[in-house]
Amino acid sequence: MAHLLEVKKHDRVPLSTWNPDRVLAEALAERERFLEKFPQYREYQRQIEGMLDRAGSSENRMAVLALLMEAKLIEMHDQLKDLNRLLQEVTT
């Protein structure tokens, strides 16, 4: 799924002109465009939002996000190991 994300490079903006509300609005709009393009991820997004709503403070929300990302990285690592094993079997 990460290969579907688009990373935009922005020039450094002086802190005095940085508008967190605008940045948040842009991020939410980007998320909505992604979910419109890939509606199969809407339920997953609802689950994430439910966890974050119950997390409380912003520090707890960041901890929840870190745990979710770590779990997904572990899952991807396991899949990569399986793929590597399959490739080794094919080449021998």
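Does Arg 31 count as buried, partly exposed or exposed, and at what relative accessibility? Arg 31 counts as partly exposed, at 32% relative accessibility; buried means under 20% relative accessible area, exposed over 50%, and partly exposed in between, with a 1.4 Å probe and protein chains only. The model is predicted, so local features need pLDDT of at least 70 and side-chain atom pairs count only at pLDDT 80 or more, while totals for chains, interfaces and linings use all residues. Residues are numbered from 1 along each chain as its sequence is written, and side-chain values use heavy atoms, with hydrogens and water left out.

Arg 31 forms a salt bridge with Glu 49, and the closest N and O atoms are 3.1 Å apart. A salt bridge here is a side-chain nitrogen of Lys or Arg within 4 Å of a carboxyl oxygen of Asp or Glu. Because Arg 31 lies in helix H1 and Glu 49 in helix H2, the pair ties together parts that are 18 residues apart in sequence. Helices are DSSP runs (H or I, at least four residues), numbered from the N terminus. Glu 49 is partly exposed, at 30% relative accessibility.

By this rule the count comes to 8 salt bridges. One of them joins Glu 26 to Arg 22, with 2.9 Å between the closest N and O atoms. These two residues are 4 apart in helix H1, about one helical turn. Both ends are partly exposed, Glu 26 with a relative accessible area of 41% and Arg 22 with 38%. In helix H2, Arg 46 pairs with Glu 43 at 3.2 Å between the closest N and O atoms, and the residues are 3 apart, again about one helical turn.

Helix H2 has 14 residues and reaches 20 Å from its first C-alpha to its last, close to the 20 Å expected at 1.5 Å a residue; the expected span is 1.5 Å times one less than the number of residues. Its buried residues are Gln 45, Ile 48, Gly 50, Leu 52 and Ala 55, and their cover includes helix H1 (20-37) and H3. Gln 45 has 17% relative accessibility. Leaving aside neighbours within four places in sequence, Gln 45 is in contact (heavy atoms within 4.5 Å) with Arg 31 and Leu 35. After H2 comes Gly 56, whose phi is positive, near 90 degrees.

Leu 65 is found in helix H3 (residues 58-91) and is partly exposed, with a relative accessible area of 31%.
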